[in-house]
Amino acid sequence: MVLACQNLSKSFGSDEILKDIHFHVEANEKAAIVGINGAGKSTLLKIIVQEEQADAGEVVLAKDASVGYLAQHQDMAGHRTIYEEVLLSRRDILETEERLRDMEARMNEQTGEKLEELLETYHRVSQAFELLGGFTYRSEVTGVLKGLGFCEEEFQKKMSELSGGQKTRVALGKLLVAKPKVLLLDEPTNHLDMESIQWLETFLSNYKGAVLLVSHDRYFLDRVVTKVIEIFQHKSYVYQGNYSDFAKKKEKVRDDLRKAWYNQQQEIRRQEEVIAKLRSFNREKSIRRAESREKMLDKIERIEKPTEENTDMRLTLEPNVVSGNDVLAVEGLQKSFGDVRLFSGLSFEIKRGERVALIGNNGTGKTTILKIINGLIPADAGNVVCGSNVHIGYYDQEHALLHMEKTVFDEISDDYPMLNHTKIRSVLAAFLFIGDDVFKRIGDLSGGERGRVSLAKLMLSDANFLILDEPSNHLDITSKEILEQALSGYTGTVFFVSHDRYFINRTATRILDLTGQTLVNYVGNYDYYLEKREELTRVYVPADGGLSSGGTGTPAGWRTAEPAADGDTRADWQRQKEDAARVRKLENRLKKTEARIAELEAESAELDAEFAKPENATNSARLNELGAAQEACRSELETCYEEWERLSLELDS
């Protein structure tokens, strides 16, 4: 055991955050702390590293256990370069190396016994230098920085020039190079692209030390951790296994908690009834017994009713207007910033009902593409055409469309003046803004709270084409699951950028990978993307890394790389595209058939009403006319029923 938390409790004023938290982490174990936003996860890490003081309990570390801590936000400055800053994390090696260089310089000045003594010391220090990893640490620093998404040209950037996200990556790099016995990481995948996250997964899985991390990235947790510590209603619950194991097991724990709470409530009610009955006897002995039971009842530690936080958040996204089948067509898109070209010759289409994820490394231009489609920045070349009846709803990850000086209530009421006070209140309550929360300034909200305001505005819009930039950022896992369910049931069209692989897997029906300045298309979810990525990238990304253009009708690279040996891959992709088009046609025919059935059933009901009218009962000509009409109606209705069944079976297959 290298770390143990024993009965930790922490409150801020009257708000109890943590209560009797207890768990331990073994040497080389990888563990995660999970819970909703505000559960106290970051506070717990700060208590472990003594940045916060616990109100009760203690943290026990193994003797000589070094601890490294990555906070969510870094305040790093200075004139050192990225490379120099990370090198400094191995100051022990640098000092030993400096000592060796000093001895090498002095060797020319020494003779005899002094030289022999110096050589002996040099040999001993050189061995220590080797044991510390002195001959490999510079290449290790380079490998870590590249793994975290820095290219060699950026190694010489000054710390003062870096963004907040880049500083966090540097801080993470310093920790990984320093290799403490215990790594405490608060949201380490923030600011990393998919390739860097995958690299970090491998690094941490093989790390010779204990890791305790906080993360909302469920894919990441599945691949790294073997223990999950959940903070639920201020207390800790420990589960063995990865995140998927935890997700399966926690429902049984919730059931046990609900049963315990219910049984305790039953017992409390029974005791209260007994106490009331004893008092009703109005005898001294009975009253003493009642008082004794009351004292025992007061000493019972009440179990808090287990309720899943954030499940009151009700997110319903449904378009008021149906768009045309062709929602978006992008042709020959090109964009550069100065001498840096992000992409050129990009072309793709999105059809009604699709949920398309745009993925790629940081800096490839994903957000830029969304902004061009929304008309926020101009393209250098190319065309963006929206189809008929397409109404765009845009979710900006920086929430630039929110007004920082307004209150939450005013943000909604100013954009939707037709809504009354009660309606606005009910909409905000669905997104967990209740009471005085609605009068908070947007500028004072957390990232997750601003995200919920943006989602509320999106829900109220008439959009049938949602364009979302990192919609799951800053959301806790429960809120992400609610958003996933809403998008999966949405009948409009969705085009989104996300680094959350679990989120992509649950929501996307198609993936566009922006790589090598071109787009590679995957008709499937993230699991399918992982399965096909290597072979499709080899086929569709040009050998020149995307510097050639693939023409106007097809994304760059899709025409230029067609090795004969990979013909099956191209055919497979074409087959998927044809299957997807066939499914859309079947769905459209099914909807039309359903609509016709509804019309015929209404018509049949009207004819039945006509038959029942007294004036028609004695009119044989009218009865014959109605009978013929009813026969034709029922015949067509029977045909439609059979057609609906056939289409349903075909769609299922």
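Are Tyr526 and Tyr529 buried or exposed? Both Tyr526 and Tyr529 are buried. The legends below describe close-up views of a predicted model.

**View 1. Tyr526 and Tyr529 pair within helix 17.** Helix 17 spans residues 526-540 and holds both tyrosines. Tyr526 and Tyr529 sit three residues apart, about one turn of the helix. A search of the whole structure finds 15 aromatic pairs. Tyr243 and Tyr502, shown in the next view, form an edge-to-face pair. Tyr526 and Tyr529 form a tilted pair. Their ring centres are 5.2 Å apart, with 40° between the planes.

**View 2. Tyr243 and Tyr502 form an edge-to-face pair.** The distance is 6.5 Å centre to centre. The angle between the planes is 85°. Tyr243 belongs to helix 9 (residues 243-280), and Tyr502 belongs to helix 16 (residues 501-507), so the pair ties together parts that are 259 residues apart in sequence. Tyr243 is buried, with a relative accessible area of 2%. Tyr502 is partly exposed, at 21%. Both rings belong to one aromatic cluster, which also includes Tyr219, Tyr239, Phe246, Tyr522, Tyr526 and Tyr529.

**View 3. Strand 8 is mostly covered.** Strand 8 runs from residue 227 to 232, and six of its six residues are buried. In a regular strand, side chains alternate between the two faces of the sheet. Here Lys227, Ile229 and Ile231 point one way. Val228, Glu230 and Phe232 point the other way. Residues on both sides are buried, including the charged Lys227 and Glu230.

**View 4. Strand 8 pairs with strand 3 and with strand 9.** Strand 3 (residues 30-34) runs parallel to strand 8, and four bridges join them. Ala32 has Val228 as its bridge partner in strand 8. Strand 9 (residues 235-240) pairs with strand 8 in the antiparallel sense, over six bridges. Lys227 stands opposite Gln240 of strand 9. Strands 8 and 9 form a hairpin with two residues between them. There, Gln233 takes a positive phi near 50°.

View 5. Strand 12 (residues 355-359) and strand 17 (residues 510-515) pair in the parallel sense, over four bridges. Val356 has Arg510 as its bridge partner in strand 17.

**View 6. The largest nonpolar core has 52 residues.** Seven members touch the most other members: Leu145, Val170, Leu172, Leu183, Leu185, Leu204 and Leu213. Helix 6 (residues 164-178) gives the largest share, six residues. Leu183 touches, among others, Gly68, Leu175, Leu204 and Tyr207, not counting residues up to four places away in sequence. A second, separate core has 49 residues. Phe433, Leu458, Leu460 and Val494 are among its members.

**View 7. Two charged side chains sit over rings.** The charged end of Lys335 sits over the ring of Phe337, 5.0 Å from its centre. Arg452 lies over the face of Phe433, at 4.8 Å from the ring centre. Phe433 is also part of the second core.

How values were computed. Residues numbered from 1 in each chain as written. Predicted model: local features only at pLDDT ≥ 70, side-chain atom pairs only at ≥ 80, totals over all residues. Heavy atoms only, no water. Pairing = 2+ DSSP bridges. Phe/Tyr/Trp six-rings, centres within 6.5 Å; stacked < 30°, edge-to-face > 60°. Buried < 20%, exposed > 50% of the residue type's maximum accessible area, 1.4 Å probe, protein only. Lys NZ or Arg CZ within 6 Å of the ring centre and 35° of its normal. Core = buried A, V, L, I, M, F, W, Y, C linked by side-chain atoms within 4.5 Å. Contact = heavy atoms within 4.5 Å.
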